[in-house]
Amino acid sequence: MIAFTTENIHSSISELCGTTVQPENPTELYEMQECVGKGSFGDVYRALDKRSGKIVAIKVINLEETQDDIDIMAQEIFFLSELKSPYITSYYKTYIEDVSMWIVMEYCGGGSCADLLRHLPEHSISEYKVAYIIREVLCGLEYLHSQKKIHRDIKAANILLTDEGEVKLGDFGVSGQIMATLKRTTFVGTPYWMAPEIISRKNGGYDEKADIWSLGITAIELMTGQPPYAKHDPMKVLMNIPLKKPPKLHGRFSHAAHDFISQCLNKDPTQRPTAAALLHHKFLSRASWKVVNNLKREVDLVSILKSRINYFKQPRFSLSDKIYQSGTSRYLATWNFETSRKLAKQNKAIFDEGVKENKSRHLIELNVQNATSSPNSENSPVSGLISPNIKTPATNATTPTMRHYMGEKDYDVSMGVREAEGVKENFQHMTGKELNYFRHIILFSFQRIHERARSQETKVVVDRLKCLFEEAEKSQPGLSEALVEEVYIRMEEIKGFIVERSF
Amino acid sequence: MAFWWKKNPKTPSDYAKLLSEHLTKFETVSTTDSRRKAQDECGRYLSGIKQFILEDLDPVPPPEAIDELYATIYQSDLIYDLLVHLPELDFETRKDVAVVFAICLRRSKDNKFITVDYLVTRPKIIALMLRTTEVALKKPHCNDIFLNVGSMILESIKYEQLCRIILKDQQIWKFFEFARLGCFEISTESLQILTDTFTQHPKLVSTEFFNQPQNIQKFIERLNNLIAHGNYVTKRQSIKLLYNLIMIRPYNQLLNAYINSPENLKLIMILLSDRSRNLQLGSFNIFKVFIANPRKSKPVMDILVKNREKLLLYLENFNGDSKDSTFLDEKEYVMQEIESFPRLVSSNSDPFIESSPQKNISG
């Protein structure tokens with residue numbers, strides 16, 4: 001309906017380019033529940049998949065705020081999508097909602113092994129249960145390494161647990177790889193688990209054996225509650241790992257456990273066993289320990305403890321905080337894209353100017369009198385309609401209303417004369433069709449006022465008013481017509497009065 | 001099947017022969033059981049081939065045996081058959097197809113990429129590859145299959161002779177459509193394919209693709225469609241692609257066609273005022289090229305002149321807190337240029353108030 005708004009340009013381009021594909025809207029497919037985690041990369045929510053009734057985890061990454069390249073994130077999502085294993089948290093799908101990426105993944109309601117360490121009263125896990133966790137992680141690593149892929153960030157915090165207490169390797173790709181880069185502040189949080197060759201980067205980097213080192217450190221972490229040197233400054237630890245002898249497991253643990261860890265923590269990566277070989281280590285293969293096949297008891301205990309301390313997380317970005325709100329324009333400005341035919345009329349208009357000047361002076365007077373209630377006043381929430389009658393060519397762009405936008409986020413730079421003329425053209429276009437007072441006049445006007453609104457608040461009020469009007473018209477058909485007629489008659493009267501006075 | 005053990009592979013090339021044979025079984029399978037069996041067999045043989053050509057075995061097989069394996073792959077048109085049956089293979093085997101294909105492409109002998117040369121003589125393989133993306137869309141697990149083939153296409157584009165085949169295939173236009181599908185993976189992969197196709201071999205693209213005005217026209221139209229209607233990510237990515245392309249020196253024809261059309265300018269100005277700062281900055285990069293053009297077309301100039309004041313007002317606060325000195329210099333330049341445009345005297349033609357709307361309409 002509005003001739004020169006950007007939406008219109010868009011829709012006309014849309015027609016040119018044929019049908020549009022309707023993308024799936026994730027807000028309709030999932031019911032977001034509470035925020036269950038947050039990281040530098042974004043927030044993680046628990047959500048209900050409305051189609052299957054399944055609970056999923058959704059990572060929400062605000063792409064407008066993140067510095068990371070979308071290409072790199074896409075590569076990491078592709079990386080995730082290539083992994084299918086019962087030992088690895090499954091990736092389902094990615095959506096784009098507003099300016100955020102929603103990465104839908106398998107939900108691990110039991111939290112991570114780091115959560116267990118934090119909340120369990122003894123702050124450690126008994127050896128035979130650690131053996132179970134390590135075995136499951138090794139199965140995940142065996143799969144990953146067979147795909148020529150490296151996790152790079154094995155630690156208790158990245159070993160996740162389902163509600164049933166099953167172990168899943170998680171949190172790589174989108175978080176892992178990005179976090180591993182130096183620009184991330186979280187880098188300082190992870191040196192304790194890093195293999196010496198990753199830090200020294202000698203001999204052209206590192207391979208999947210780096211994960212085996214981290215697994216050894218993780219085994220110590222699970223059994224003692226902390227990785228080695230946990231009390232030391234992370235940067236110092238980072239420098240020391242390549243220089244010092246490998247850490248050892250201290251304490252009263254089985255010979256098998258000591259041996260397993262010392263095999264993982266060999267500073268020469270070529271001497272470290274592969275994941276497949278480690279699965280046969282006696283630490284993991286003791287028959288009596290194989291009875292453990294989940295950590296349900298621990299998971300249940302921790303969930304009770306968490307609920308007791310009212311454990312919840314505050315997301316970094318609110319989900320309702322969208323940059324493209326419905327009811328507001330996508331755009332911060334409207335441009336003048338008229339056809340040049342209009343320009344030709346200008347010269348004539350300039351000639352007419354002298355005739356109208358008298359009239360306009362009075363209108364200005366009128367405006368001054370009503371300054372507090374007119375949109376032309378700077379105090380008004382709605383920007384002024386620069387009426388052709390009061391505007392001189394010289395002040396076109398510098399009328400108060402035009403200057404006023406500066407401090408406002410969403411402002412108006414349009415509604416000049418030529419647009420009014422465009423409206424007229426629009427009108428003539430309708431000639432012959434039936435005039436709908438509500439749609440063609442009332443709704444149209446509200447839309448224009450909406451565009452002129454300087455603040456969000458005003459827009460909301462305008463929208464509400466529009467809805468009320470719609471209701472009124474529905475229940476009392478013809479109301480719009482009556483109102484339009486009355487406004488028109490009154491305006492004519494006032495105009496007549498002005499014209500009378502000006503002669 | 002009774003004597004299948006007789007077919008137990010002995011040499012590396014036996015794996016290729018057996019795989020080729022087993023792939024045809026998908027055409028006759030009727031039960032899920034027999035399908036599963038065919039999938040398993042194919043997966044086993046392909047993973048065998050992968051290990052040979054990765055030389056991931058101990059002991060490494062003799063080079064003659066590997067040569068023979070490659071020869072068999074070419075003779076039996078194995079890559080073609082793998083593509084035909086790709087949607088039928090299981091998840092892990094499909095990934096192996098892409099891995100095996102990528103290793104084959106890198107195979108060089110006597111300073112020649114023998115697989116690339118083979119593919120040039122069999123253009124139907126690249127053609128099928130491009131079409132398999134579309135086939136994938138109709139299958140379950142369409143994302144996975146699309147990404148499998150997508151990665152094969154991306155590998156092929158790295159080689160100029162193969163990129164030429166892709167450029168000449170009308171199917172390439174379909175990727176503009178795929179880029180607008182709601183699915184993130186498919187859309188991103190499609191844009192990546194378009195980006196690589198049109199940026200990796202600029203000389204080839206400029207002399208054999210953008211040398212035809214109708215290609216330029218169609219290309220701009222399709223890209224504009226993505227910029228105007230894609231989701232947020234598609235918009236950002238396609239603006240970036242557009243900018244990268246018009247900055248490629250040999251693509252002069254594209255640049256000229258682009259910056260002289262008022263429709264393109266309109267779209268870029270619209271995005272310049274988008275609420276997303278990333279889209280604003282992306283489109284500013286293109287907007288500045290319109291401004292810097294010393295010989296602006298009349299329709300482009302008309303739009304700029306008509307919006308002179310609006311643009312100046314808008315740009316004054318545009319990304320004001322940026323500390324990027326390059327950006328600030330560019331912005332200053334753009335604003336100076338716009339200020340130098342003639343000021344337009346505004347029209348004061350009759351407002352429509354003077355005639356009653358009723359009179360205008362009821363006729």
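UniProt, in an unreviewed entry, lists A:Lys59 under "binding site"; such annotations may be inferred rather than shown by experiment. The model before you is predicted: local features need pLDDT of at least 70, side-chain atom pairs count only at pLDDT 80 or more, and totals for chains, interfaces and linings use all residues. Residues are numbered from 1 along each chain as its sequence is written, while chains are lettered from A and ligands numbered from 1 in the order in which they are written.

A:Lys59 belongs to strand E3 (residues 55-62) of chain A; strands are DSSP runs of at least two residues, helices of at least four, numbered from the N terminus. Is this residue buried or exposed? A:Lys59 counts as buried because it has 22 C-beta neighbours inside 10 Å, the cut-off being 20 or more other C-beta atoms, placed from the backbone.

I turn to chain B. B:Ile303 sits in helix H18 (residues 298-306) and is likewise buried, with 23 other C-beta atoms within 10 Å. Beyond neighbours within four places in sequence, B:Ile303 contacts A:Phe337, B:Pro262, B:Leu265 and B:Lys266, a contact meaning C-beta atoms within 7 Å.

Finally, a helix pair. Helices H13 (residues 213-229) and H14 (residues 232-246) of chain B have axes that come within 7 Å and cross at roughly 145°; axes are lines fitted to C-alpha atoms over the stretch in contact, with angles from 0 to 180 degrees between N-to-C directions. In H13(B), B:Leu223, B:Leu226 and B:Ile227 meet residues of H14(B) including B:Ser238, B:Ile239 and B:Leu242.

Definitions and conventions: Buried ≥ 20, exposed ≤ 12 C-beta atoms within 10 Å, placed from the backbone. Contact = placed C-beta atoms within 7 Å.
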